Each structure stands twice: as structure tokens, then as C-alpha cells.
Amino acid sequence: MRVDFINPFIKAASEVLKAEAKVEVLDKGKLSLESSAYTTQDVTVMIGVTGKITGIVLYGMSERTAKQIVSNILNEPVAVYDSLVESAIAELGNVITGIASVELEKAGYPSNIAPPSVISGRGAVISTVDIKRLVIPLITTVGELDISVALIEKE
């Protein structure tokens, strides 16, 4: 996994969370490289990437963190995880990935992103097949957001 594939996602996530949800990234947790199947968290946004690089990016969080992010975006409390929360979190993942893909293109890796899919419920298994995932835990003011980047350069 190349570091120039990772940094755009960290930077984009920090910027989008701050601008859209008034959420600060306080720290990065311990990075890990995973090769086993990914087990989803309460809420996981999955976005496919194709082009000079290919793979998927996953954004995982607790339901509580998702509701707090959306509460901040709407400027009003969100008590229930529903289709509004799901849609807002999907769009957040879409915006982060879109901004990261612009940065990747500037670095010589043009790519396209697929529409986001949201998996609600802990424990679904997603295989990244032969692509290792770099898991980047972001510690924020509303909870942890894990970004899992499983991208490879096409030959």
C-alpha cells in the first residue's frame, strides 16, 4: 500500500468533517495493515474506486457516532438512526472519497468512484480479495471513524 494513496483520504476526511459537521479530528489511532475479510461496524459506507488505481474504501463507525455527525450537520439532535442518517453518512463518505480522488489524480492516479453503499449492522463480512487494507482510525470529537483503504495500482 502506497502512502500517497492514503494521505488524500486522511486529509479529505479531516477537512470534510470539520467543514460540514463541525467535527475535529483529534488524533490518528494505530494504523494496521489487514489482509483478512473486513467485518463491518454499526454503520459502514463502502465506495468502489476504478481507474489507474482500483479497489474499495470503507468508512466505519458506531451508530452513535453517525447520529452525532448528522446532528452536527443538521444543527439539531438526531435521536434515531434512520434513512436520513444513512443518506447523510453515505453522502459524507462520497464527498470525502471524491475530494481524495481529485488529490490522487493530481498525483498521477486518475480514478472514478462508484456511488456509495451503506451497510447497517455490525458483523457483515466484506472481502477485499487479494488487496490488503490499511485501516486508519481517526479519533474525533464525536467518536472514532475508521477509514479502510484497499487500493492497488493497475498495471
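Modeller: The buried residues of α3 pack against α1, β4, β5, α2, β6 (111-113) and β7. This is a predicted model, and what follows should be read with that in mind. The helix α3 has 24 residues, and from its first C-alpha to its last it reaches 35 Å, close to the 34 Å expected at 1.5 Å a residue. The residues of α3 that are buried are Val 85, Ile 89, Ala 90, Leu 92, Gly 93, Ile 96, Thr 97, Ala 100, Ser 101 and Leu 104.

Glu 103 has 27% relative accessibility and so counts as partly exposed. Lys 106, at 63%, counts as exposed. The side chains of Glu 103 and Lys 106 meet in a salt bridge, with 3.3 Å from N to O. These two are 3 residues apart in helix α3, so about one helical turn separates them. An α-helix has 3.6 residues a turn, so residues three or four places apart point the same way. Side chains of opposite charge can pair when their charged atoms come close.

One of the partners of α3 is α1. The helix α1 has 19 residues and spans 27 Å from first to last C-alpha, close to the 27 Å expected at 1.5 Å a residue. Its buried residues are Phe 5, Ile 6, Pro 8, Phe 9, Ile 10, Ala 12, Ala 13, Val 16, Leu 17 and Ala 21. They pack against β1 (25-28), β5, α2, α3, β9 and β10. Just after α1, Lys 22 takes a positive phi of about 55°.

Val 16 sits in helix α1 and is buried, because its relative accessible area is 5% and the cut-off for buried is under 20%. Leaving out residues up to four places away in sequence, Val 16 touches Ala 21, Leu 92, Val 95, Ile 96 and Ile 99. Leu 92 and Ile 96 are among the buried residues of α3.

Lys 11 forms a salt bridge with Glu 15, and their closest N and O atoms are 3.7 Å apart. Both lie in α1, 4 residues apart, about one turn of the helix. Lys 11 has 45% relative accessibility and therefore counts as partly exposed; Glu 15, at 39%, also counts as partly exposed.

In soluble globular proteins, nonpolar side chains tend to be buried together.

Tyr 59 shows how several of these parts come together. Apart from neighbours within four places in sequence, Tyr 59 is in contact with Phe 9, Val 43, Thr 44, Val 45, Ile 47, Gly 93, Ile 96, Thr 97, Leu 145, Asp 146 and Ile 147.

Leu 74 belongs to helix α2 and counts as partly exposed because its relative accessibility is 36%.

Finally, the whole structure has 4 salt bridges. One of them joins Arg 122 and Asp 42, with the closest N and O atoms 3.1 Å apart. Arg 122 lies in the loop between β7 (117-120) and β8 (125-126), and Asp 42 in the loop between β3 (38-39) and β4, so the pair ties together parts that are 80 residues apart in sequence. Arg 122 counts as exposed because its relative accessibility is 58%, whereas Asp 42, at 24%, counts as partly exposed.

Technical notes:
Residues numbered from 1 in each chain as written. Predicted model: local features only at pLDDT ≥ 70, side-chain atom pairs only at ≥ 80, totals over all residues. Heavy atoms only, no water. Contact = heavy atoms within 4.5 Å. Expected span 1.5 Å × (residues − 1). Buried < 20%, exposed > 50% of the residue type's maximum accessible area, 1.4 Å probe, protein only.
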